[in-house]
Amino acid sequence: MSDSGKGFYQVFEVFSRKNDTAPLQHQFSLLAPNHEIALVMAQENFMRREPVYDIWIVKRSDIRQMTQEEKESLKRLDNKDYRTTKGYGYLKKKWRQYEQEMLDEKEILSWKGEIQR
Amino acid sequence: MEGRDSTMKIMKPEELMQHPEYKEVLIELLFQLADDDLIIAYRGSEWLGLAPHIEEDVAFSSISQDTMGHAAMYYQLLEEMGVGNADDLAHGRKASERRNAVLLEEVNGSGHYLHEPRYDWAFTVVRNYFYTQAKKVRIDSLKSCSYVPLAQVAVKINMELYYHLMHWKTWFIQLVNAPGEARERMKNAVAKVLDDFAGVLTLGSKGKKMAEFGLIEDEDLLKQRWIQAMKPIFEQTNLNLPNNFGMKRGNGRNGEHTADLDEAIATLSEVYRLDSLANW
Amino acid sequence: MPVMTSFERLSEEEKYKQFMERIEAGEKIEADDWMPEEYRMTLVKLIAMHGISEIMGALPEKEWVPKAPSLRRKLGIMAKVQDEMGHGQLLLRVAEDLMAPLGKTREEIMQDLFKGDLKFHNVFHMPAPTWADAGLIGWLVDGAAIITQTNMLDASYGPYARALKRICAEEVFHAQHGESIILALAEGTKVQRDMIQDALNRWWDALLMFFGPDNASTTGTSKQDITIKYRIRTKTNEQLRQDFFTKYVPRILSLGLKLPDETMYFDKKQGKWIYKQPDWNQFKEIIRNNGPKSKERLRLRELSYRNNAWVREALSGQSAAV
């Protein structure tokens, strides 16, 4: 009898997106016999008080998780400012010599709209 | 003749004063809609904590809440029309004054929600699925209701029906396609629900007038739409969908009800009746 | 194929030392991380009991769901009891992941409950005979639960801390739902006001017991030292009970209600509430499932689980048709 329950109690991970620009976010896990039932239960179990735009259901056993040991591989030194804008901050002063504004992140991301001439 | 003009729209409850017959038929329709949703949500609320699976308990409860919320919106429309306070209409009316379909008042199974409940999940899935589909057909028609406040409510309610339908349809198809005992239970539940399903689809003795006044379309047309929606599901699951359904235990639209409704009203109004004038 | 990694080569003692360093540094432990057996078993017991208490805790309030006196109250209490089931879901998932290496699933949790091996909180063995009890549970039992649960928000076990974060956010709604019922009664007729006082009298001892005994000498056992050692919680049972008094006694009195303990007062010098101890022998009896409603509620839970077994069996085949 207790074995028959095992097939019903499969673990599914639930992910959701708040709106069409938000990233997918992990919510929680639930037990269900299959993806379809998991899907119809997911929203009301984890998002009944917040807006939700999309839901993903993933079977836990399909996820390759990291072991405690492997998580060591995620650490790195803090010497990589050449990869970020932090390493190029001096440009601001440089451009000023040429009487130009620096094209920083804020400026560049503002270009999605109309560019002022 | 009042209301014969199919383009006539009534924008506000105050305008109903000039159309007494229209108002009477509208009240009848609103009671059917409100009482149906109230009683099935009440039956759903009895399941709380007792569903076959914890996650499903949570999901089902949201549907019961939505559905009771829909009932509250209809009672609110009645309140605005001067018929009575929404809570009094929901709690204070006798069974003979109620207009819900008999199928929806039936107990969830033997026993009481506090004592030896042997609730029937197959019956619950089938009743909810078939009812939600019928509700969807009615709501789609009500979106062009001549009483504009009701049309506006229908647009809102429609939004929540997609989830309800998806939820019940998923359970229905999976259980009916499961081997052995489950399929048998589901087939019995389908037979039981269809025996009284004509009571859900009918609009009662004032149905013709409702169509005439442009409140909702003719019940035969709505019935055909329900059959059209259900046919592929029946075919897909190898079940037989008859052309006619029963009204075995009476027509709730005419105030005919069973002892199940008396008992439900006694329970749902137990605290309210302690002092119906008190603020709770 | 499996490569013996450096962590696995450590002795048990070294692993334990590293584990304690991690939690003392405020790191979170995850389900698949190495953990001492005592830690795992303490968590399993604590979280399974917490989770099943939510599921059992739905039952006393659920009695009032179909009976709530207005449409709005019906909706409010339905949402509240739904949350209890939802909290049970979150917590049982956390417990189930911890039990997976032991070969146990939700099925075994339910069976342990029915056998009496898995206990549930003392408050949920008590009767809730009036609508005021439904309000009082939301106001004070949930109030007590907020005090104990917020104390564990920084628990060293990550999945538990994350579940509690979700739960505590919803508890705020629960507390307000309870307050709303209680304030309506408090501002109502004499009959309504008497209903709350009766409910308070009925629940007082159970509320004191909710936090557990002061120390092991009261009841023979207490897990509080272990949970503090492992940074699952920070405050003792008695500190939590005192916090509860500080937050709730003034509110109880402000509504014109009387404390059921006439001897109770706040001792300014000691900075603590002096109160009459509840009967801790009765507490032991209650959590052994010999409380006033223990058997009835267990029967309800077991019957509904058995009665619906066919649903779970029907869909337990991997190839369930879609």
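Reader: What makes a helix crossing left-handed?

Author: A crossing is left-handed if the near helix is turned anticlockwise from the far one by less than a right angle. In this predicted model, the crossing of helix 6 of chain C and helix 7 of chain C is left-handed.

Reader: At what angle do helix 6 of chain C and helix 7 of chain C pack, and how far apart are their axes?

Author: The angle is about 150°, and the axes are 8 Å apart. Helix 6 of chain C covers residues 131–150, and helix 7 of chain C covers residues 158–186. Their contact is made of 14 nonpolar, eight polar and three charged residues.

Reader: Why is C:Tyr16 called partly exposed?

Author: Count its neighbours. C:Tyr16 has 16 other C-beta atoms within 10 Å. A buried residue needs 20 or more, and an exposed one has 12 or fewer. The count of 16 lies in between, so C:Tyr16 is partly exposed. C:Tyr16 sits in helix 2 of chain C, residues 12–24. From C:Ala128, C:Tyr16 is 112 residues away in sequence and 46 Å away in space, C-alpha to C-alpha.

Reader: Which residues touch the most other members of the largest nonpolar core?

Author: They are B:Val126, B:Leu175 and C:Leu136, in a core of 183 residues. Leaving out residues up to four places away in sequence, C:Leu136 touches C:Ile182, C:Ile196, C:Ala199, C:Leu200 and C:Trp203. Touching here means C-beta atoms within 7 Å.

Reader: What makes up the side of chain A that touches chain C?

Author: The contact takes 20 residues from chain A and 22 residues from chain C. Helix 1 (2–8), strand 2 (25–32) and helix 2 (35–46) of chain A each give two or more residues to the chain A side. Helix 1 of chain A has the largest share, six residues. By class, this side of chain A has seven nonpolar, 10 polar and three charged residues.

Reader: Into which domains is chain A divided?

Author: Domain 1 spans 8–62, and domain 2 spans 80–112. Their C-alpha centres lie 41 Å apart.

Methods
Residues are numbered from 1 along each chain as its sequence is written. Chains are lettered from A and ligands numbered from 1 in the order in which they are written. This is a predicted model: local features need pLDDT of at least 70, side-chain atom pairs count only at pLDDT 80 or more; totals for chains, interfaces and linings use all residues. Domain bounds come from an automatic or database domain assignment. Axes are lines fitted to C-alpha atoms, for helices over the stretch in contact, and angles run from 0 to 180 degrees between N-to-C directions. Helices (H or I, at least four residues) and strands (E, at least two) are DSSP runs, numbered from the N terminus. Ala, Val, Leu, Ile, Met, Phe, Trp, Tyr, Cys and Pro count as nonpolar, Asp, Glu, Lys and Arg as charged, and the others, Gly among them, as polar. Two residues are in contact if their C-beta atoms, placed from the backbone, lie within 7 Å. A nonpolar core is a set of buried Ala, Val, Leu, Ile, Met, Phe, Trp, Tyr and Cys residues joined through C-beta atoms within 7 Å.
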